[in-house]
Amino acid sequence: MAEMIALSRLTKRFGPLTAVDGIDMKVSRGEVLGFLGPNGAGKSTTMKMVTGFLAPTGGSALVDGIDVTVDPVKAKQRIGYLPEGAPCYGDMTPRGFLNFIADVRALSGKERDKAIDETIERVEIAGVLDQPIETLSKGFKRRVGLAQAILHNPPVLILDEPTDGLDPNQKHQVRTLIQEMAADKAVVISTHILEEVEAVCTRAVVIARGKILADGTPEDLLKRSPLHNAVHVRVAAAAAAAVEGDLKALSVVGAVIREQAGNGYCEFSVTSKSGAPIAPDVAALLKDKGHPVSDLKTEKGALDAVFREITRGPDKKPAEAPHA
Amino acid sequence: MRNIAIIAKREFKGYFATPLALVFIVIFLALTGAFAFYVGNFFGRGYADLSPFFAYHPWLFLLLVPAIGMRLWAEERKSGTIELLMTLPVSTLDAVLGKFFAAWAFCGLALALTFPMWITVNMLGDPDNGIIVTSYIGSFVMAGAFLSISACISSLTKNQVIAFIIAATVCFLFTMSGAQLVLNFFQGWAPDVLVDALRSMSFLTHFSAVTQGVIDMKDVVFFGSLIVMWLFLNIIAVEINKGR
Ligand SMILES: Nc1ncnc2c1ncn2[C@@H]1O[C@H](COP(=O)(O)OP(=O)(O)OP(=O)(O)O)[C@@H](O)[C@H]1O
Ligand SMILES: [Mg+2]
């Protein structure tokens, strides 16, 4: 079955608060799904239900076709899970801890040794194997947590903020790791780092107040940015007024925003009316009119602007504090 | 079955990762010795047996066993590792039993380390070793009952100190319920059924029967069903509380 995770109307209430509100979502093998949303959106709660830690108030979660509430042990065998904050047994060493996980995951013989060795190499914890986990730095603790999640090469990988607290090298390493493993797995990662979504995710789901607000490829999301395919132009200050007038007259242009002036230069952001690329038109126009241009580049639009737009809405009401 | 053993093994080792194991065993041995020799007048009695030694076990256990049991679940919940444990492919029953057996084995170890008492009494005289064996078994099973209470209460809170205090209190009530002092309080106004029920719930009553050297089915069933009941409650409490 290609569809490894299937959530339907998944709901979780904590007393009066609905943390997860009827989420429908499917994740197949080969997909890396970035789960985004403001603090308190319900990302971790959703993951806890998929991994069988919390019982849903309503709806269902299927992992590889198995309902996690009906046959939790079987479902959990197929999942590798890094809980938020990467909790580990502090009094154990990474070596002892991984051995314990290998036991629980019923790995044995050569396969077990290979899995442990490979995992240690992948998350680069060889140097701290015999040091109690509670004395490790935050980043190393997270790596041990990650090691635990991938040890049994699960078809479903659920990672709650896997790169939180890692140094830039390790962040890169973990992202590469996720991409390497993604081919035959369904991977869900939650993150607040939006470049991460662009770097590793094939799909992004944005939730707020427990509801899905957007679901698509990172490119789809970028298209929602008002600055998607906008053109950034720098001209001499003397020509600024003329350039502004000419640009505004162009039919493909949405808005012309004067950004900053100074040093004898003036910069504009020229947005695309339809979202389609406008750089050639703008360049041609400026050339025709004989305006000297010192810089011109296309913007992709920033994912964080889209994120803000989606989760806060145009009216700028904060999405946090749903129970206030 | 396999999972229970794996969890028990990890848990049992956990006792030795901190000074807890050593501290506990030293205190347990010192106290059992002190009670037997000084309070129980082990030498002065003129009998070669271990009854003064066993007589104080309920009182020792009601403080020491909650100290072993308090960390079982409270610590997992406090540190968040419960989320790790309960998302591994193990059932709640496996986890509850694994933890319980680990802690019980630890009690058994502490108890086994009192063997010099047994040797001493055999050197001094000619005790009834049959009674001593049944008393050891009885003591171990009683420790299991105290432990099942402590484990269950440990899953109700994230705070180990609270777990300890409540568990010790509940253990105290179970021990004391057969004491005349308590029964007197109820006699006269409470229905006889209640008074009898209270008396029959007492660890003291059942344990002293065992230390007489007779293993009565009634006492076995009493401790056995108590353990099963508290572990069952433990499973429910873990299920309800794990996500909080
Ligand atoms: N055990 C609980 N009891 C009561 N409320 C809870 C519980 N767990 C989570 N919540 C609430 O549910 C909501 C969703 O929390 P959740 O942890 O899923 O958010 P999140 O999207 O993971 O946020 P973050 O980005 O901060 O990790 C929050 O309002 C939170 O306070
Ligand atoms: Mg979270």
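Which helix of chain B does B:Ala5 lie in? B:Ala5 belongs to helix 1 (residues 2-17) of chain B; helices here are DSSP runs of H or I with at least four residues, strands are E runs with at least two, and both are numbered from the N terminus. The model is predicted, so to speak of local features pLDDT must be at least 70, side-chain atom pairs count only at pLDDT 80 or more, and totals for chains, interfaces and linings use all residues. Residues are numbered from 1 along each chain as its sequence is written, chains are lettered from A and ligands numbered from 1 in written order, and side-chain values use heavy atoms, without hydrogens or water.

**B:Ala5**
- B:Ala5 is partly exposed, at 47% relative accessible area (buried is under 20%, exposed over 50%, partly exposed in between, with a 1.4 Å probe and protein chains only).
- Its C-alpha atom and that of B:Asp219, 214 residues apart along the chain, are separated by 28 Å.

**A helix pair in chain A**
- The axes of helix 4 (residues 109-123) and helix 5 (residues 138-150) of chain A come within 9 Å and cross at roughly 140 degrees (axes are lines fitted to C-alpha atoms, for helices over the stretch in contact, and angles run from 0 to 180 degrees between N-to-C directions).
- From helix 4 of chain A, A:Thr119, A:Arg122 and A:Val123 meet A:Arg143, A:Leu146, A:Ala147 and A:Ile150 of helix 5 of chain A, where contact means heavy atoms within 4.5 Å.

**An open sheet in chain A**
- Four strands of chain A form an open sheet in the order 12-13-11-14, with antiparallel pairing (two strands pair if DSSP finds at least two bridges between them).
- Strand 12 (253-262) and strand 14 (293-298) of chain A are at the edges with a single partner strand each, so one side of each has no neighbour in the sheet.
- The twist from one strand to the next averages 15 degrees.
- Strand 11 (residues 231-236) and strand 13 (residues 265-272) of chain A share six antiparallel bridges, and A:Ala236 has A:Tyr265 as its bridge partner.
- Helix 9 (residues 240-249) of chain A packs on this sheet, touching strand 11, strand 12 and strand 13 of chain A.

**Strand 6 of chain A**
- A:Ile79 and A:Tyr81 point one way from strand 6 (residues 79-82) of chain A, A:Gly80 and A:Leu82 the other way, and all are buried.
- Strand 6 pairs with strand 7 (residues 156-160) of chain A in the parallel sense over four bridges, with A:Leu82 opposite A:Leu159.
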